[in-house]
Amino acid sequence: MRSFSILNFKVRRTLRENLSAFWMKCCYLLILAMPFILLIGLLLKSSLLFGEHSLMELIFSSEWKPLSGKFGFFPFIISSLWVTFISIAIAAPVCLLTAIYLTQYAKRFVLKIMQPVIDILAGIPSVIYGVWGIIIIVPFVSKVAGWFNVSSSGYSILTGAIVLAVMIIPFVLNILIEVYKTIPIELSEASLSLGATKWETIKKVLTRKAYPGIISSFGLGVSRAFGETIAVLMVVGNVVQIPSGIFQAGYPLPALIANNYGEMLSIPLYDSALMFAALILFVVVTFFNMGSRYIIMHYEKKI
Amino acid sequence: MINGSIINIEGLNLHIGNKHILKDINVKIPEKKLTVILGPSGCGKTTLLKSLNRLTDLYPEVKTQGKIFNGGIDILNPKIEITELRKKMGLLAQSPYPLPMSIYDNITYGLRISGRRKKRYLSKRVEYYLRQVSLWEEVKDRLKDPASALSIGQQQRLCLARGLSVDPDIILADEPTSALDPVSSREIEELFLKLKQRYTIVMVTHILRQARRVADYVIFMYLGEIVEHGTAEQIFENPQNQITKAYIKGTYS
Amino acid sequence: MKRKFNLNRKFFKKLEELIFRVLMIISTTIIIVALLAIIISILIKGVPSLSWEMITQTPKGGYYFGKEGGILNAIIGSLYLSGGATFLALVVSLPLALYMNIHKMKEKLVVNIIRLFLDILWGIPSIVYGAFGFALMVFLGLRTSLLAGILTVTLFIIPIMVRSMDEVLKTVPRGLIEASFSLGSTRSETSFRVILRQCIPGLITAILLAFGRAIGDAAAVLFTAGYTDYIPTSLSQPTATLPLSVFFQLGSPIPEVQNRAYASAVVLTVIVLIISISSRAFSMKYQKNRIK
């Protein structure tokens, strides 16, 4: 009787072990398959479009007339690029300076304040950023445009970029803080004992050492910014045009998808075109994401 | 026996948070000699060494009291411009930390910072200091390579040359051979014996045999206090204190 | 002459450092001000519209036109949706994180490949997940529903959850794992009895983080969860969510409807703040209690 229950126990134990290992393996395979499933899904859905138009035409034509079957993505791509690069141009110096300040100069209590600030900023939902953009940044930009003698509703590329910049700041900043923290203190010691001032040490030694990390943090920021949807959509104006200035409205790719998907499915090729937009997002974002990680992995040791 | 001292430490106390790391340190470090700070690990040797050029500033929560005089100036006085004083002391860390630049720039970094820009002058200096540490022949063809491409032993010698480049009076070395293989360690020790003709060297170590090989003057520390200090002969042949005796005989490890 | 030159150089060095220090302080201040501006502006706009009716009633007369009613549909809908997605994600994420750190402890390559794939997935914008989810839904002949929303959001938060659990489990000392093995525990016993207990606060932080992302994301549910005035009673019904409640109702020309949007924004912000603060509290506790 007793030996039976021990046997039973053993069987149950092995079974549990095998079952859990099996489920773990399933999860593992799911993760490995996921990017490919996504990519193939997007390719399949947008392949209809490739049948009718060449890739070059899709990317570089600026004629967007879905009703007559003309799908030129150029205005959307340009809008996305504008918004992304202006936002990174705003966020990059702010993040770099703050990261240096927090890791090299700041007193303990500043750190104690900043850690939750960064965390909360990172956790605020996109749509809240959008509301904030509408309440504060839109009127602000409209006013600023006035100073330059440009009339603008405030719903513009610049507004989208500012909102986006604030959104990616916590993300980029966290990476940069980590980058500066991992630099060994002995490098500072070496530089200081050669008669360098603290600032010279930061500028010529630490930032040089951090260089690959800095570049990749910006790259990751770009990948984050490029796909951001709701917040940008709410403030960027959404007019199909090639924007000629930062006070003009733009229409980035994610906004295109969000505004139209699932609605005008009766127009032929329309959902295929929107899937193509999603494909562009996927490819660009993954490129920047992987590129940045490659930089930090391969160049960190070489400097 | 000891003629003239270059560093005078008077009543130095150092706290990190509420830990008392260095307790009432009073000692004079002789000029143009190789002084070894000896003791078991964790006794505050490294902290004492770093206080000498106030690198303790880099660590939060460090509080120091007391005075360290170098050439009549109290280094610990917060009003003192420490940047220039640090140049008088070259630092060699536990393991080599070359600056993230080329071999050439590692040597010229200190010179450029103090305003020397002429190319011919810099090149000459690079050769001179690399020869000092017997590295010139090994690297003369690849001065533009990143310093991290060198072997660990070469890197440590490069770091020494870098320290010499700003013409210090004192070399501070914190267990400089602990990351090195025996051959490279030997090379560093030999360099020190050569360099002590012209520099005052303060070296931290916990390796007794190394101390015996190189020391002129020994400071023995235990639990944040100086137990005993004197010439190498005194300490190794005729230690007064029980703890020192035990450590020297090797019954204490 | 030379001395004067040196003094000049020193002066400029000092000046440069000073300028940059001022810039650094300005940057840091900008970040703090931005956060305060966001929270204060949302509160100022939204708090006046918050009332008991607002958070206990569903909208009356259609969410886009009806002036009466509140946002209960969105609050409950969001909780259902993110709760469901977080649970489903947990079922995948926890085993996977344990798999990486205990089963495959010695196989660096496998673990690094999983990490790489997680990084890829984690980087993909939620709108792409949303579009993909919708395409899949159409392909399978489903309609917009709570279930479709949950599935899409699950896919989107799995990489976030696994990555943060991985960070927690990475810090478990190998000695502890080996000790458990040497006592004859199987891998799953080690995982679920020893390691889990040690890491629970950290894992809860990871779950909270994922929940926060799930409840705040609009793009993934935009096409998949639909939107409705009612509280869903089954998985096959569409559901309202807080982010979309903000997004849709803000676009309405009627001030009363806009007020519902602002109220939703406040509720969403408060939920996210609570999550952020409590996960901070958990992670602090985690740092205190961990065996090193």
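Analyst: A salt bridge here is a side-chain nitrogen of Lys or Arg within 4 Å of a carboxyl oxygen of Asp or Glu. The model under discussion is a predicted one.

User: Why is the pair Lys50(B) and Glu189(A) called a salt bridge?

Analyst: The closest N and O atoms of Lys50(B) and Glu189(A) are 3.1 Å apart. The cut-off is 4 Å for a Lys or Arg nitrogen and an Asp or Glu oxygen, so the pair qualifies. The count between chain A and chain B is two salt bridges, and five residue pairs there are in polar contact.

User: Which elements of chain A give two or more residues to the side that touches chain B?

Analyst: They are α7 (185-193) and α8 (198-227) of chain A. Helix α7(A) gives the largest share, nine residues. By class, this side of chain A has nine nonpolar, six polar and nine charged residues.

User: How do you know that chain A and chain B are in contact, and how many residues take part?

Analyst: Contact requires heavy atoms within 4.5 Å. On that test, 24 residues of chain A are in contact with 27 residues of chain B. The buried area is about 2200 Å², and carbon and sulfur atoms give 67% of it. Glu189(A), Ser193(A) and Leu194(A) lose the most area in chain A, together 31% of what that side buries. Glu189(A) is also the partner of Lys50(B) in the salt bridge above.

User: What is the area buried between chain A and chain C?

Analyst: About 7000 Å² is buried between chain A and chain C, with 78% from carbon and sulfur atoms. The residues in contact are 79 from chain A and 74 from chain C. Met24(A), Ile31(A) and Trp199(A) supply 10% of the area that chain A buries against chain C, more than any other three residues.

User: What makes the pair Asp119(C) and Arg293(A) a salt bridge?

Analyst: The N to O distance between these side chains is 3.2 Å. With an Arg nitrogen, an Asp oxygen and a limit of 4 Å, the pair therefore meets the rule. Four salt bridges are counted between chain A and chain C, along with nine residue pairs in polar contact.

User: Why is chain A called more spread out than a compact globule?

Analyst: The globule rule gives 19 Å for 303 residues, while the radius of gyration of chain A is 25 Å, well over that figure, so chain A is more spread out than a compact globule. Along its principal axes the C-alpha trace spans about 80 × 70 × 40 Å. Chain A has 11 helices and two strands, and the elements run α-α-β-β-α-α-α-α-α-α-α-α-α from the N terminus on.

User: Into which domains is chain A divided?

Analyst: The assignment gives domain 1 (2-52) and domain 2 (64-299) of chain A. Their centres, taken over C-alpha atoms, are separated by 35 Å. The contact takes 12 residues from domain 1 and 11 residues from domain 2. Together the two domains bury about 990 Å², 84% of it on carbon and sulfur atoms. Leu42(A), Lys45(A) and Leu49(A) supply 56% of the area that domain 1 buries against domain 2, more than any other three residues.

User: What makes Asp271(A) and Lys45(A) a salt bridge?

Analyst: Their closest N and O atoms are 3.1 Å apart. The limit is 4 Å for a Lys nitrogen and an Asp oxygen, so the pair counts. One salt bridge is counted between domain 1 and domain 2 of chain A, as are three residue pairs in polar contact. The side of domain 1 of chain A that touches domain 2 divides into eight nonpolar, two polar and two charged residues.

User: How do you know that domain 1 and domain 2 of chain C touch, and how many residues are in contact?

Analyst: Seven residues of domain 1 of chain C are in contact with eight residues of domain 2, and contact means heavy atoms within 4.5 Å. The two domains bury about 600 Å² between them, 79% of it on carbon and sulfur atoms. Ile42(C), Lys45(C) and Ser49(C) supply 64% of the area that domain 1 of chain C buries there, more than any other three residues.

Definitions and conventions. Residues numbered from 1 in each chain as written. Chains lettered and ligands numbered in written order. Heavy atoms only, no water. Buried area = accessible area lost by both parts, 1.4 Å probe. Polar contact = N/O pair within 3.5 Å; in protein donor to acceptor, adjacent residues only side chain to side chain. Helix = DSSP H or I, 4+ residues; strand = E, 2+ residues; numbered from the N terminus. Nonpolar A, V, L, I, M, F, W, Y, C, P; charged D, E, K, R; others polar. Rg over C-alpha atoms; globule rule 2.2 N^0.38 Å. Domains from an automatic or database assignment.
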